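Subject: Structure handover and notes

Dear colleague,

I am passing on the structure we spoke about, with my notes on what was found in it set out below. Please read them with the model open beside you.

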Amino acid sequence: MCVTKIRDNIYAVGVKDPDVRIFHGYKTPFGATYNCYLVIDEKITLIDNVKAKFTEDYLKNIEEIVPIEKIDVLIQNHIEPDHSGSFPAIAQRNPNLAVYCTNGAKAGINAYYGIQSMDWHIVKAGDTLSTGKYTWHFIPAPMVHWPDSMLTYLAEEKILFSNDAFGQHVCTGETYDDEMGLPRLMERAADYYGNIVLPFGMQVQKLLEQASGLDIGMVCPSHGVILRSHIKEMVEAYSRWAKNECDMDKVVIVYDSMWGSTEEMAQKIKAEYEALGKKVHMHCLRDEHYSQVMGDVLDAKFVMIGASTLNNNMMPTVAAFMTYMRGLKPKDRIGLAFGSYGWSGEATKQADEIMQSMGWHTMPIRKQLYRG
Ligand code: FEO
């Protein structure tokens, strides 16, 4: 990423990863960014780190503005490796750095990198830090989406440094949300929320309640574009998703098919629901990665699983999707298992049982013998 000035004393100094296509099991066809920010005040503050392989680029970006040794404060909002990989290099260059983070983040940095002897400052909700003209407010947000996660608010500039929250996995030439446009922004944000944040609705609601008291003019996440024009739309979407508000007219059909008859069933079901005026979103797992379905499952009331039977089991693509989706815990959906079989037909029962184990209401299984 080129260094970008976003306010008089504030710079985006993170890096771009246009070629990453799998992000811990999540397909990222548009790449990713690891955003970090440098704030010049009486004390110079750096916010977050980058994936280890981009350490040299990150150091160069920072040093376009200040030498690493001149940084006074590091705010480490989260320690997953995409935000902490360059920590050891920064710590080696500047061992006197004051590090502000949660207790969990300190423990994580110790465990990951064996780094103990920094000037650690463990923060909790309500704590503040003055760096001169600026006051920083720390907002721990456990399980949004890791135990150590935290956001930081810079009051005088009305900027929320939100780390993973409000992020999007996309690597473009755009810096701001209005340059990307609202439809694409929300499509990328839904994909991100559905694959990363979905299990933590209660925690997100709590965070939104805390943030509602802040005057926010800009949100600087650690992935994707900076929000300055569509903050309201993003917060409203997070509120809907966190409350598990589903669209009663949205149907997701996801399937794989051995010989084409489960696919025929999928097409028939699509036609039936479209005739009822529903919006149907089809995903064939032969062509799409299982993670690319979750942005649609996020707010769909109806989820139909098409599972052909292969050797007494679901096809591996469908089994992988079911395992992945179960971990992300979408709740209160109405499910349907359907599929064809040559001899035994266990796959639909297996898919139905998984949906029931997630607490979903399921419709009667539809299965048919493949007759050529
Ligand atoms: Fe972007 Fe939780 O890492």
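In which helix do R184 and E187 both lie, and how many residues apart are they? Both belong to helix α6, which spans residues 182-197, and they sit 3 residues apart, or about one turn of the helix. Please bear in mind throughout that this is a predicted model.

Salt bridges

The side chains of R184 and E187 meet in a salt bridge, with 4.0 Å from N to O. That value sits at the cut-off itself, since the criterion asks for a side-chain nitrogen of Lys or Arg within 4 Å of a carboxyl oxygen of Asp or Glu. R184 is partly exposed, with a relative accessible area of 32%, and E187 is likewise counted as partly exposed, at 40%. The pair also belongs to a network of salt bridges that links R184, E187, R188 and D191. As a general point, an α-helix has 3.6 residues a turn, so residues three or four places apart point the same way.

K232 is exposed, with a relative accessible area of 60%, whereas E236 is partly exposed, at 37%.

The salt bridge between the side chains of D17 and K51, at 3.5 Å from N to O, has another setting, for it links distant parts of the chain: D17 is in strand β3 (residues 15-17), while K51 is in the loop between β8 and α1, 34 residues away. D17 counts as buried, because its relative accessibility is 4% and the limit for that class is under 20%; K51, at 24%, counts as partly exposed. The count of salt bridges for the structure comes to 20.

The open sheet and what lies against it

Turning to the strands, 7 of them form an open sheet of mixed pairing, in the order β1-β2-β7-β8-β9-β10-β11. The edges are taken by β1 (4-7) and β11 (119-122), and each of these has a single partner strand, so one side of each is left without a neighbour in the sheet. Neighbouring strands of this sheet are turned against each other by 25° on average, with direction ignored. Within the sheet, strand β8 (residues 45-47) and strand β9 (residues 73-75) run parallel and are joined by 3 bridges, and the bridge partner of T45 in β9 is V73. Helix α4 (residues 103-113) lies across β10 (98-101) and β11, and runs at about 145° to β11.

Helix α1 has its buried residues at T55, Y58, L59, N61 and I62. Seen down the axis of α1, these fall within an arc of 160°, so they line one face of the helix, while E56 and K60 are exposed on the other side. What covers the buried residues of α1 includes β3, β7 (37-39), β8 and α3 (87-93).

A parallel strand pair, and the cysteines

Strand β15 (residues 159-163) pairs with β16 in the parallel sense over 4 bridges, and the partner of L160 in β16 is V219. Both faces of strand β16 (residues 218-221) are covered, with M218 and C220 buried on one side and V219 and P221 buried on the other.

The structure holds 0 disulfides. C101 is in no disulfide, and the nearest cysteine sulfur to that of C101 belongs to C36, 15 Å away. C101 counts as buried, at 1% relative accessibility, and C171 also counts as buried, at 17%.

Strand β23

Last, H361 lies in strand β23 (residues 361-362) and is exposed, with a relative accessible area of 54%. Leaving aside its neighbours within four places in sequence, H361 is in contact with R333, I334 and G335. The C-alpha atoms of H361 and Y100 are separated by 46 Å, the two residues being 261 residues apart along the chain.

Key: Residues are numbered from 1 along each chain as its sequence is written. This is a predicted model: local features need pLDDT of at least 70, side-chain atom pairs count only at pLDDT 80 or more; totals for chains, interfaces and linings use all residues. Side-chain values use heavy atoms; hydrogens and water are left out. Two strands pair if DSSP finds at least two bridges between them. Helices (H or I, at least four residues) and strands (E, at least two) are DSSP runs, numbered from the N terminus. Axes are lines fitted to C-alpha atoms, for helices over the stretch in contact, and angles run from 0 to 180 degrees between N-to-C directions. Contact means heavy atoms within 4.5 Å. Buried means under 20% relative accessible area, exposed over 50%, partly exposed in between (1.4 Å probe, protein chains only). The arc is that of the directions from the helix axis to the C-beta atoms. A disulfide is a pair of cysteine sulfur atoms within 2.5 Å.
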